[in-house]
Amino acid sequence: MCVWKKLFCWVLLPLLASCVTPFEPEVLNEPVTILVVNGYINSGGVTTITLSRTRNLAVQEPYQPETQASLAIEDDAGTRWPLQEGAPGTYVSESLQLPAGQQYHLRIQTQSGRRYASEFVPLKPAPPIDSLSGRIEADGLQFYLSAHDDVGRTQYYRWEYAETWEFTSGAWSRLEKQIGDTLLPRTDDIYHCWRTENSTAVYTATTVPLSRDAVLDYRLLLIPPTSSRLRFKYSLLVRQFALTEAEFQYWEALKKNSQNIGGLFDPLPSQLTGNVHSETNTTEPVLGYVGAGTVAEKRIFIDNNSLPPTWSLRNEGYEGCMLLDTIFKKDASFNLALFFSDPNLRLPVGPVTDRAGNLLGYTYQTTACVDCRLRGTNSKPSFWP
Amino acid sequence: MPQFYRIVILFIFCSGLLWPCYGQQPTGGVVSGTYTRVPFAEFIRQLETQTSYHFYYDPAETDSLTITATLPAQPLAQALEQALQGTHLQFVLDAAEKRVFIVGSPAVLATLPDSFFQPPTAEQTAKEPTANPAERSTGRVASVSTSELKLYEIGPAGGALASGKATVAGHVREQASGEPVIGATVYVEALNTGTSTDQYGYYSLTLPVGRHELRVRGIGIKNTRRQLVLRGNGKLDIETEEDIIPLKEVVIEAEKDKNVSGMQMGLEKLDIKTMRQVPTAFGETDILRVVLTLPGVKSVGEGNTGLNVRGGTADQNLILFNDAVIYNPSHLFGFFSAFNPDILQGVELYKSAIPAKYGGRLSSVLDITTRDGNKKKFAGSGGIGPLTSRLTLEGPLVKDKSAFILSGRSSYSDWLLHLLPGKTFQESSASFYDLAAHISHSFSDKNTLYVTGYRSADKFQLASDTAYRYHNQSASLKWRHSFSNKLYGVFTGTLSQYAYNITSERDPATASRLTYDIGQYNVLADFSYFPNAQHTVDFGISSLLYNIAPGSLKPFGAESLVKPNVLPQEQALESAIYASDRFDITPRLSVSMGLRYSLYNALGPHDVYHYRPGSSKSTTTITDTVRYTSGQVLATYHGPEYRFSTRYTLTDHSSVKLSYNRTRQYIHLLSNTVSVSPTDIWKLSDYHIRPQVGNQVSAGYYHNLKANTIETSVEVYYKATRDFVDYKGGATLLLNRHLETDVVNAVGKAYGVEVLVRKLTGKLNGWVSYTYSRALVKVDEGPVADRVNGGSYYPSNFDKPHDLTLIGNYRFSRRVSTSLNLTYSTGRPITLPLATYYSGGAERVYYSERNAYRVPDYYRADFALNLEGNHKVRKLAHSSWTLGVYNLTGRDNPFSVYFKTVNGQIKGYKLAVFAHPIPSITYNFRF
């Protein structure tokens, strides 16, 4: 049980001079490339499916997308809705309104001619999210979610979320190097940016043991009081899915497999595959679970001025950018064209003048400290107020 | 040794009170017989059997003499006169004291014979005059110095069997405390006949009538002997003097050559003194931790007391505390065993050749016994360590008849937690305690009653969130009755309970309490019968009622939305009869044959689901539900359990042994974690879940070196088990009304060789053991998806092929001793991640086949230094200090290896529990 390990780590191990050290098992030489299917059949909109391959643990390169496959949604009567490849390995459908009462599955044929299919699943429409709120607690900002289904048909819930927050870089650059050695006022803002991150953990809940099909105050994420995400304005978008029992168990197992594994009080990891099977070779493993249904969304905003003033919010990632360096005109090596020749190395921040207003030189910082676009985007998201 | 504390030895005559007498009645001095060239000593022996007279003579003077005479029935004086005609011997008859002195000429000796003060050997029968008769009538001898030389009459004259043999039986007790001396050897050297005392200190020995010298030997007691004349069946209780050197630690040990001559194989005995010497993590003497150093015993990891004996799972061990079953023998996740060392006498672990008396578990029997308490005077002992303190009190209730012993131990670890920085620790708590009490009372020589009570409890609370509590409690009542010298019975009633609950209060809407409870009620009648010196017969009957509340989830607090979910009770009855006979066919060859037949009934009320035949059991394949009413039998399983072992002695110092045994187990521990956790559940066999069955064959070669001071042994074994429970991936075990849908039956096989070299005496003692063993599991039932690793054998979680242990103790002086413990083993198997992929917004892991890889090897060295106070016998309190260092080299042995998604990336971690040397200091005292 995972609680036992938690107990173990928190209560006992500090007493026992224990230590947790990174462990890297001997690298397995044989490459393991198994097809991975991600996505769900959206019965009320665009269905997006991505195909990729697994890679060995020690390999650092990105996942190989499975390109040029042909995909289609199919119902139990044989009606087909094809998907088209957009980005490599990403396949999208048109905006669909799939009839209820049918069962659906996904069919895949890869470029090499191997055929795969997911199991037929019923459509599970997601009920709306009743409330989503962030509450100030001693250890940070805790988000809670509530939802219910009066008919009692949902029972199994899963959530994903996307966080978006506004942030600034380490120094506000007002100057920009133009042709030659002139520095002119900067036209674009590379100081204010927005960053979006998707949830990585699996959030699931079931109301089966409860007397009502209602999720009350489900704990979603916790943002610590020092987090830079809360410096200005923060937004959380939650997507709610309704699952079948089998799909719920898949996600529970995935959660167990990736969150608490291998400890003495943890469950044994399982060779989790999902509901996609190879039709060409039945022993070939395929990873992924393709469910079907609608999704319910809700977004909230948290403004910094609603948070306790005692929270010391750091500007994470820009800790070393507090001080600016200066290049002086009087220096023998003063050559702006050469000095700012590589925009990926350093950028000018502002002029340095004496009391009389005579230009003495320019302040500058590394590009990583100045250009917020390296960590986000400087175009304001459409949903941002 | 100073004379003043030489201990008085007590003899009790029991003149065959309840014994029917065979043969002729004592004739009041009338003797008869026909003798042709009978050696003189034999002649006198025969006369002694016919009369109540004692004969005194000088063997040196008579050893070449034979008697030829035909004696009609006539008074003793006339008969002697006739028989001694023609010899140089004369006799003096003392009718008042019933003594006859036979001397050569002259009739009155001026000096005593040379051998008078020598300890007589078995061949000699020279005898000093009996001590004063008043002493004899009370059956007590005041002085120990003469008691070894004194002659004791056993049984009524002529009370022998037709075979000319009679049985002497009694207890060997320690003089100072009155506690039984277990495993002491009682033997007659001249006849090459002997026995050892059982767990009650009881012995029974069948000997030819006549003069014998009975020798008593055991470790922790002084060797002693008794001169006796056996006339008929009778009793002889022997009090032995404590060997004062080991300071009260009663050493319980079998005969010195037990390794070679004992019937048992796969039996490990440990006494508390040995256990105290083994260094442990917190200076706490821990029996389970010491048991883990024995060959053939493994556990999945450090800080875990789940025992895996010869490839068996942790639930296949019958753990008995004074005959009552203990379901969870550990405290604090298994870091401590739940028994206070001060109350313990010793522990026996049966790995193979499990006696027919024991049943119900597949792999082993761990029999933990307490001391009986001091019957003579009030005493106490205790200890103060970094995590716990303990206290034991003992003393007589009625002097020499009954004694009590009480012990308690409690942790005070909360303060340590609260010292740590961070809110989590300050709001957390972890504590445990255990209590044990034992009372023994001897109503008479034939009836003794034992009562034991035990309770251990643990409590954890994690950051004021979830609270865990669990407790064990047990009680046993045992009445031991001697029907005769050859038959005794033990009638036992026990009850055991294990329960836990988990209370979660963090969110008012989901606040709940989960509870689990198992209780068992057991009655047993065990009999031991000694028909003659060649046979030892044990038989008995037992019945056991299980009662399990398999889980209930109830709302906690008024705001809770949790729907109560209470699983129906489960109950079952397990009964067994058994008989076994140990037959010494020749002095070299002994055979022990046993048969146990067990019968199991799962009882209603219960709802049994029926599933569509041929398909995997799941909620979707239920076809019918059958309701069984209260007491109705819903499933019956039964079968024989064979227990066979044999020993053949090759030489005086070597033997070979063979054993085969079958065991059946009707209760299963369900745990889908690698190690045993306190919240695992015990499940009874039912309509769907079959009992586990195990078969084991083993063979061994045993050789003792250097006058039995060094024992060596090699044992090989092969074990096959079937129908033990394994799980489908992602099985739900808690609050599951149809567990059969989540479990699969597994088949196991285990084999190995165990080599042990042990030296238990001398300044340098200890043992080295090496084990090569494999433990494999196979799940090939049901649909392909349920099969683990495609249905082929895979290593179990505790499959560690190589295992080397050294326990070494060196005594520099009586007051200073050191211990060193070295352990090496192969790393345990682990399931490794093979590949990663992106799914659900994060990197995920694809795992290898189950247990296809191993964690790094395990190595550890521990050291302890024991400092004793001075050894004055009379002082207020005896104290000792134990200084220890656990994991001397600071090796970070992986306790576990796990993989975790951290910030969307898979990271492997190795967790070492004791990654640094851990010093400890413990103060022990007794008074």
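This is a predicted model: local features need pLDDT of at least 70, side-chain atom pairs count only at pLDDT 80 or more; totals for chains, interfaces and linings use all residues.
**Entry 1. Nonpolar cores**

I began with the largest nonpolar core, which has 61 residues; A:V37 and A:L145 touch the most other members. I take a nonpolar core to be a set of buried Ala, Val, Leu, Ile, Met, Phe, Trp, Tyr and Cys residues joined through C-beta atoms within 7 Å. For burial I used these limits: a residue is buried if 20 or more other C-beta atoms lie within 10 Å of its own, exposed if 12 or fewer, and partly exposed in between, with C-beta atoms placed from the backbone. Apart from this core lies another, of 59 residues, including B:I272, B:Y327, B:F339 and B:L684. In soluble globular proteins, nonpolar side chains tend to be buried together.

I then listed the partners of A:V37, leaving out residues up to four places away in sequence: A:I49, A:L51, A:V276, A:V286, A:L287, A:G288 and A:V290. Contact here requires that the C-beta atoms of two residues, placed from the backbone, lie within 7 Å.

Residues are numbered from 1 along each chain as its sequence is written, and chains are lettered from A and ligands numbered from 1 in the order in which they are written.

The predictor gives the complex an ipTM of 0.80 and a pTM of 0.67. For chain B I recorded a mean pLDDT of 80, with 83% of the residues at 70 or more; pLDDT is the predictor's confidence in each residue, from 0 to 100. Over residues 107-111 of chain B the pLDDT stays under 50, and the model has three contacts beyond four places in sequence for them. Residues 113-146 of chain B also have a pLDDT below 50, and this stretch has 53 contacts in the model beyond near neighbours in sequence.

**Entry 2. The two chains**

I recorded four helices and 28 strands in chain A, and 10 helices and 58 strands in chain B. Helices (H or I, at least four residues) and strands (E, at least two) are DSSP runs, numbered from the N terminus. Of the 385 residues of chain A, 33% count as buried; of the 927 residues of chain B, 47% do. Among contacts with a separation of 6 or more, residues 24 or more positions apart account for 68% in chain A and for 66% in chain B.

I followed an open sheet of three strands in the order 6(A)-51(B)-52(B), with antiparallel pairing. Strand 6 (55-56) of chain A and strand 52 (842-847) of chain B stand at the edges, each with a single partner strand, so one side of each is left without a neighbour in the sheet. Two strands count as paired if DSSP finds at least two bridges between them. Strand 51 (residues 833-839) of chain B pairs with strand 52 of chain B over six bridges, and B:Y837 stands opposite B:R844.

**Entry 3. A five-stranded sheet in chain B**

I found an open sheet with the order 16-23-24-19-20 in chain B and mixed pairing. Strand 16 (267-271) and strand 20 (324-325) of chain B are at its edges with a single partner strand each, so one side of each lacks a neighbour in the sheet. Five bridges join strand 16 to the antiparallel strand 23 (residues 344-350) of chain B, where B:Y350 is the bridge partner of B:L267.

I located B:T197 in the loop between strand 10 (193-196) and strand 11 (202-208) of chain B. B:T197 is buried because 25 other C-beta atoms lie within 10 Å. Its contacts include B:V172, B:V186 and B:Y203; the C-alpha atoms of B:T197 and B:V186 are separated by 7.3 Å. Strand 9 (residues 185-188) of chain B pairs antiparallel with strand 10 over four bridges, and B:Y187 stands opposite B:G194. These two strands form a hairpin with four residues between them, and B:N192 in the turn has a positive phi of about 60 degrees.

**Entry 4. A:T326**

Finally, I placed A:T326 in strand 26 (residues 325-328) of chain A. A:T326 counts as partly exposed because it has 14 C-beta neighbours inside 10 Å. Beyond four places in sequence, A:T326 touches A:V352, A:G361 and A:T363.
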